[in-house]
Amino acid sequence: MSVILVLIVTSIIVAIVFLGAFYWAVRSGQYDDTYSPSVRMLFEEKKKKKNEEGAGIAEKV
Amino acid sequence: MRETIEKQQTTCYHCGDECYTGQITADEKDFCCTGCKTVYEILSENELCDYYTLEQNPGITQKNKTALFDFLDNEEIVRSLLEFSDGKHERITLSIPNIHCSSCIWLLEHLDRLNPGVLDSKVNFSQRRLTVHYNCQEISLRQLAEGLDRIGYTPVFNLEKKEESNSVYQQFDKQLLIKMGIAGFCFGNVMLLSFPDYLGITSLEYNYQVFFRWLNAVLALPVVFYSGWDYFVSAFKSIRQKYANIDVPIALGLVVLFLRSVYEVASKTGSGYFDSLVGLVFFLLIGKWFQNRTYQALSFDRDYKSYFPLAVLKLVGKEYKPIIVNDLEKGDEMLIRNAELIPADSILIDDQAFIDYSFVTGEAEPVQKSKGQYIYAGGRIAGKQARFIIQRPVSQSYLTSLWNEEGYERKEKSLKLIDRVSQYFTIAIVAIAIVSAVYWQFTDPSKTWLVFTSVLIIACPCALALSTPFTQGSILRVLGKHHLFLKNADVIDDLQKVDTIIFDKTGTITDPKAKQIEFEGEELTAAEASLVVAAVSSSTHPLSRYVKEFLNAEPDVYQIESFEEVTGKGILAVVSGVEVKLGSAKFIGMESLEEAKSSAVYLTISGKYRGVFKVNNTYRNGLKEVIEELSLANELKLLSGDNDQERAALTELFPKGTEMQFEQKPDDKLKKVQALQKNGHRVMMFGDGLNDAGALKQSNVGVAITEDISSFSPACDAIMDANAFKKLGSLLSLITEGKTVVIASMAISLMYNVGGITFAVLGILTPLFAAVLMPLSSISVVAFTTAMVRLRAKRKGL
């Protein structure tokens, strides 16, 4: 009997995790621009010489 | 001797504008201007020609370039623009309105190939922004801006809008998404947990049922108190203003639904209506989101200040240095160059200057001013640079006060259709609920509260509330597809009431791109063409510019020895010893020639007649059809800032008796609109530029027609791409028919309501019936409105 309760509670918790993921995705700006990522992934290899400086500043900022 | 130079027409490889073959070429590709060619050459040198393979003709026309970036040498300005700086690396987010396709994204994200100083660049497409990390020891911000400008992506700098602008809107959009997400999450789970009730499974153990119901109640909490909270706020506000908007019955329905459901669950008398409640909020939010989508990329509220320069060159010591405009003071000396705006009232200290006041007065031709004259702010320098002494600092000056004039502010807002309906709706529903409650109180008191709440629940105007946003959303979608963008959905309401349409002439019904120039006469040799170009280069008259563009030859080879321009007549120049005379037939001494109807420039070289340049303003494609369609339901008028040279041609185009007024100043246009409105007319105005801004704002619906949607946006209610012009008739009739769709869908939803209320009043409304009826009505209204709009659009060939 109680197995249904456990299942429902589990399923809701899993769903809440996804809701949390959605919340995080919206907050972190993944929905700000829905067009360019879809194009960007089709570009061939982005940078010829990804210099270390570039990586450095990305971290700092 | 009569011969027209004919060239084969093609499109520019870079920007796709119309041009002629064989004039400006590189690698066997044709370009419309040297600017486009230069961009192509820069890109091909750096092996960035993938740019052209991703989309066809992705470039931006280079014809009207004016931007100057020397103000970026001012450290104070740069500092206020940067997002991050540690002395070596800098980061900035630039607003680039020209971003428009995937090729743009590709190119802008490969800036490091053009300049190694750029470390990383990333495009935000929907905001038209570019974030660049760069090494400021290798490349300065100014170089970066100039580099971007060179390839056609001119960044727009604006100090004031730096922080606010997009962030407020973004915040709202994010919040709406999260509210929708939460409502959707709860909706799904509540539905799932309500299944036993839907299926009528009663043999289930009692414990489960109680557990499910309480879980539903918990899931409904965030939906009511977070996702749906805006409806309560809006309803509360409208009640305080003593009228009931559509949010009032919605809020009332939500409250009653929630309370009754909680009561049922707590008293163990039923399962409540949590599924309807949560579903209702979810659908409403989707409707809102659907409406919002269309506006994302457009910034309508760029006011006149964005036309102001950020900085001007001010005399400091012996040098001119860029200074932020707001820091200018009375007595400062400033230097304004070609195409720059004069930011403050001032006195000219150079001998003479040509000033283009088209922004302020609508006058197409530059005005000549001489030393010591008082110059009002807002003019643009045409031709040679000039120096000025400031008389009144920026904020108080003429342009600011002009645009702050009353009437340039906003008009009254009429009540929306939906709000008018909801006024009566709310009163009717509450009345029905009370009357039936009173009735049951006397016949069967146990049912009083059940009936009272049932009526309020089933009457909850979910379908009614959805009909307008979904109809308008679908209409906006169709309009957006054809590049007519409305500021918001309310404009649809205003559009449906329009009975008078006013057109501006230049740039609105004429096509500035397709100016037809032809040369009649013996073909000029290359040397002669260069002579003529050298002569007209010194003139700022529009016709001179057209001739120069048309001939497209190098003027540098020749020395101009003397130059004289007689206003309204023509020019007389001596170029490298050769006399070149251009102008009216009379001016060049050829009275025998008939004066042409269109603007014509006659040419003599060394006193010998060579031919005539004929300039025809071309009307937009399909203008006649559009005017015919529009004149069926509206009164048309034409207000033009130009002279009445074209009156005859226009009389033929417009229906008989159309009022036409020429030489109208912006103020005259504004007054004309006001006068019409006073007589009870609802006015729609088509205009093109800032000089129409006042009239556009004053009219009930102001539409700005533009060749380039992204870069132009004075205060108006709608922006229309010039290419959409020929479909204008169909688009407007679709909007008008939208009203019928809204009314039909309201009728459908009212039918549901009447049916539901009948059951509720009789006291036989079961939760299951409500659970089916409420989503069904919402979904059918959504489907109906979307399908109807699509169908009508299709029938009109949109």
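This is a predicted model: local features need pLDDT of at least 70, side-chain atom pairs count only at pLDDT 80 or more; totals for chains, interfaces and linings use all residues.
Where chains A and B meet, chain B puts in 27 residues and chain A puts in 24. On the chain B side, several elements each supply at least two residues: the strands β6 (89-95), β7 (118-124) and β8 (129-135), along with the helices α4 (102-108), α7 (164-198) and α8 (206-227). Of these, α7(B) gives the most, with 8 residues. Sorted by class, the side of chain B that touches chain A comes out at 12 nonpolar, 10 polar and 5 charged residues.

Within chain B, there is also a helix pair to look at. Two packed helices are described by the angle between their axes and the distance between the axes. Here the pair is α10 (residues 247-266) and α14 (residues 448-458) of chain B, whose axes come within 8 Å and cross at roughly 135°. Angles over 145 degrees would count as roughly antiparallel, so at roughly 135° α10(B) and α14(B) are oblique to each other. Their crossing is left-handed. From α10(B), the residues involved are Leu252(B), Gly253(B), Val256(B), Leu257(B) and Arg260(B), and they meet Thr453(B), Leu456(B) and Ile457(B) of α14(B). That contact has 5 nonpolar, 2 polar and 1 charged residues.

Over in chain A, an unreviewed UniProt entry lists residues 6-26 as "transmembrane region". In the model, that stretch of chain A is 100% helix and 0% strand, with its end C-alpha atoms 30 Å apart.

Technical notes:
Residues are numbered from 1 along each chain as its sequence is written. Chains are lettered from A and ligands numbered from 1 in the order in which they are written. Axes are lines fitted to C-alpha atoms, for helices over the stretch in contact, and angles run from 0 to 180 degrees between N-to-C directions. Helices (H or I, at least four residues) and strands (E, at least two) are DSSP runs, numbered from the N terminus. Angles under 35 degrees count as roughly parallel, over 145 as roughly antiparallel, 65 to 115 as roughly perpendicular and the rest as oblique. A crossing is left-handed if the near helix is turned anticlockwise from the far one by less than a right angle, and right-handed if clockwise. Two residues are in contact if their C-beta atoms, placed from the backbone, lie within 7 Å. Ala, Val, Leu, Ile, Met, Phe, Trp, Tyr, Cys and Pro count as nonpolar, Asp, Glu, Lys and Arg as charged, and the others, Gly among them, as polar. UniProt positions are given in the numbering used here, feature names are shortened, and annotations may be inferred rather than shown by experiment.
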